[in-house]
Amino acid sequence: MLQELLQENHKGLTEVDYKVLDARCEGISLFEYSAENLNEQFDEVILRIAAISGAKVPADTFFIEMLKQELIAFLMKFGYSSLTIAEILLAFQINSKINIKYPIGIDVNHVGITGDCINVDYISQVLYPYMTIRNLLDRKLENSINGY
């Protein structure tokens, strides 16, 4: 329904734009979770990232807990707290679709895993181009609403 409404009112949106909008509407932003609930959610997030990317999950449960804490801290402190979990997973799905040409000239190239297993650096490298797409979509919608 959202997609139909947007198609009628905002010309020029791409397939990726609609995927981003759908992911943004799915669930709540990270900052809206309680700390405990967010920590619980990231058990599954890490496993899903591994399933999408093929990156290894650390075998040591202590290290997994440390990874979750560092990842959540990174997301909250460095401009990713407005993302939904669906958006984080979408970023990895987009990363798996090699060399997407985004219509306004952005090349989204595949980011390979750095290190032996999932880590904050790898996740940040995948999220950065997603945030670029998301921010450009925001501007595109804002311009359309303002009549430009």
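Isoleucine 94 is buried, at 8% relative accessibility (buried, under 20% relative accessible area; exposed, over 50%; partly exposed, in between; 1.4 Å probe, protein chains only). The model is predicted: local features need pLDDT of at least 70, side-chain atom pairs count only at pLDDT 80 or more, and totals for chains, interfaces and linings use all residues. Residues are numbered from 1 along each chain as its sequence is written, and side-chain values use heavy atoms, without hydrogens and water.

Isoleucine 94 belongs to helix α5 (helices are DSSP runs of H or I, at least four residues, numbered from the N terminus). Its C-alpha lies 8.5 Å from that of valine 16, at a sequence separation of 78 residues.

Helix α5 (residues 85-96) meets helix α6 (residues 120-145). Their axes come within 9 Å and cross at roughly 95° (lines fitted to C-alpha atoms over the stretch in contact; angles from 0 to 180 degrees between N-to-C directions). The two helices are therefore roughly perpendicular (65 to 115 degrees). On α5, the contact (heavy atoms within 4.5 Å) is made by Glu87, Ile88, Leu90, Ala91, Phe92, Ile94 and Asn95. Tyr122, Ile123, Val126, Leu127, Tyr130 and Arg134 contribute from α6. By class, this contact has 10 nonpolar, 1 polar and 2 charged residues (nonpolar: Ala, Val, Leu, Ile, Met, Phe, Trp, Tyr, Cys and Pro; charged: Asp, Glu, Lys and Arg; polar: the others, Gly among them).

The structure holds 0 disulfides (cysteine sulfur pairs within 2.5 Å). Cysteine 25 is exposed, at 56% relative accessibility. Cysteine 117 is buried, at 15%.

Note on methods: Angles under 35 degrees count as roughly parallel, over 145 as roughly antiparallel, 65 to 115 as roughly perpendicular and the rest as oblique.
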